Amino acid sequence: MRARIETEAFGDSSNQAIFMVSGWAMPKDVMHAFASRLSQRFYVVLANLPGISLDEQWISRSRIGPNYDIDALSEQLIEVAPKEAWWIGWSLGGMVSTYVAARRSSQVLGLITLAASPSFIKREEWSHGMAIEDFDAFAEFVDQSPEQGLQRFVMLQAKGAKNERALVKQLQSFLPMKTLNRVALIGGLRLLKSLDVRREWSLLDVPNLHLLGGKDALVSSKTLEQQTDVNPLQQCVVLSNCAHQPFLEEEEACVRHIENFIDANNT
């Protein structure tokens, strides 16, 4: 049966494994250089979220609709992940990886999130998310004009970056315009709106590291103020000059934090 999740592997499969999950609307290719760098020491399997791909053949061959039910999505990811791996998730991929790590910890050696928070949306006792009205307006814009919606998303991702213009151009080169799947985009936004993993974050029983950008316009680093001491196995690091994609903006710093974290928690 055809896999629902498109993956790509880097490095020697005999090395310790990392399973990396990309974010909303952004194909795994945006994380290629980062995965390649980590593959110098680890076996890295990089995954797209459902329905997101730059591979026209993959999209044309796939007759399975993208499923963004959180439990179904978790099972789809577990199915293609190495059996013993450190999970790294970016943005929405980090929220989903948190859900998996908390509920299926036997599948996960440890969790690392990049530019992710427990809730993307403002909620009761969670003030640092996006206002629901702003999120709904963006979702409606994506529904009506997916191409323009993705362009706006790129601008938001790069906002606050040290070299914003160059980063916008870099991110635009990865947008899946030829393979755009509106159902996947809307499904991912619905999940992003509904997903609240504050409880899962507090219940994590595996080592967990959270890297955030100090200049991120989408995920505020101030979420750390509400996450301090939530979980005894948790470490949080703010990369003060980064926006929403620290693995592109400060690749070596991210690699160093991740390698040190994994080394310190290997038993």
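Predicted model: local features only at pLDDT ≥ 70, side-chain atom pairs only at ≥ 80, totals over all residues.
1. **Overall sheet.** Seven strands form an open sheet with mixed pairing, in the order β1-β3-β2-β4-β5-β6-β7. At its edges stand β1 (7-10) and β7 (234-239), each of which pairs on one side only. From one strand to the next, the twist averages 15°.

2. **Pairing of β4 with β5.** Strand β4, covering residues 85-90, pairs with β5 in the parallel sense, and six bridges are found between them. Within this part of the sheet, Trp 90 stands opposite Leu 114 of β5.

3. **Pairing on either side of β6.** Strands β5 and β6 run parallel and are joined by four bridges. Ile 112 stands opposite Leu 209 in β6. Strands β6 and β7 also run parallel, with six bridges joining them. Here Leu 211 has Val 237 in β7 as its bridge partner.

4. **Burial of β6.** How many of the six residues of strand β6 (residues 208-213) are buried? Six of the six are, so the strand is largely enclosed by the rest of the structure.

5. **Salt bridges around Asp 196.** The model has a count of 11 salt bridges. One of them links Asp 196 to Arg 123, with the closest N and O atoms 3.8 Å apart. Asp 196 lies in the loop between α8 (182-194) and α9 (198-203), and Arg 123 in the loop between β5 (108-114) and α5 (132-144), so this pair ties together parts that are 73 residues apart in sequence. The cut-off for a salt bridge is 4 Å, and the pair is counted at 3.8 Å. Asp 196 also forms a salt bridge with Arg 198, where the closest N and O atoms are 2.7 Å apart. The relative accessible area is 28% for Asp 196, which is partly exposed. Arg 123, at 26% relative accessibility, is partly exposed, and Arg 198, at 24%, is likewise partly exposed.

6. Asp 136 and Lys 193 form a salt bridge whose closest N and O atoms are 2.9 Å apart. Asp 136 belongs to helix α5 and Lys 193 to helix α8, so the pair ties together parts that are 57 residues apart in sequence. Asp 136 counts as partly exposed at 33% relative accessibility, and Lys 193 counts as partly exposed at 32%.

7. **A salt-bridge network.** Glu 6, Glu 8 and Lys 28 are linked in a network of salt bridges.

8. **Cavities.** A search of the whole structure finds four cavities of 30 Å³ or more. The largest cavity has a volume of about 100 Å³. Its lining includes Trp 24, Phe 120, Met 130, Phe 135, Phe 138 and Phe 153, as well as Leu 156, Leu 189, Leu 192 and Leu 218. Ser 91 and His 244 are also among the lining residues. The elements that give two or more residues to this lining are α5, α6 (146-158) and α8. By class, the lining has 10 nonpolar residues, two polar residues and no charged residues.

9. **The second largest pocket.** What is the volume of the second largest pocket? The value is about 150 Å³. The residues lining this pocket are Ala 161, Lys 162, Asn 163, Ala 166, Leu 167, Gln 170, Asn 241, Leu 248, Glu 249 and Glu 250. Helices α7 (164-172) and α11 (246-249) each supply at least two of the lining residues. Of the contributing elements, α7 gives the most, with three residues. By class, the lining of this pocket has four nonpolar, three polar and three charged residues, whereas the lining of the largest cavity has no charged residues.

Key:
Residues numbered from 1 in each chain as written. Heavy atoms only, no water. 1 Å grid on protein atoms, 1.4 Å probe; cavity = no way out; pocket = protein on both sides within 12 Å on 5 of 7 lines; lining within 4 Å. Points joined across faces, edges and corners; volume = space filled by probe spheres on them. Nonpolar A, V, L, I, M, F, W, Y, C, P; charged D, E, K, R; others polar. Salt bridge = Lys/Arg side-chain N within 4 Å of Asp/Glu carboxyl O. Buried < 20%, exposed > 50% of the residue type's maximum accessible area, 1.4 Å probe, protein only. Pairing = 2+ DSSP bridges. Axes fitted to C-alpha atoms, helices over the stretch in contact; angles between N-to-C directions.
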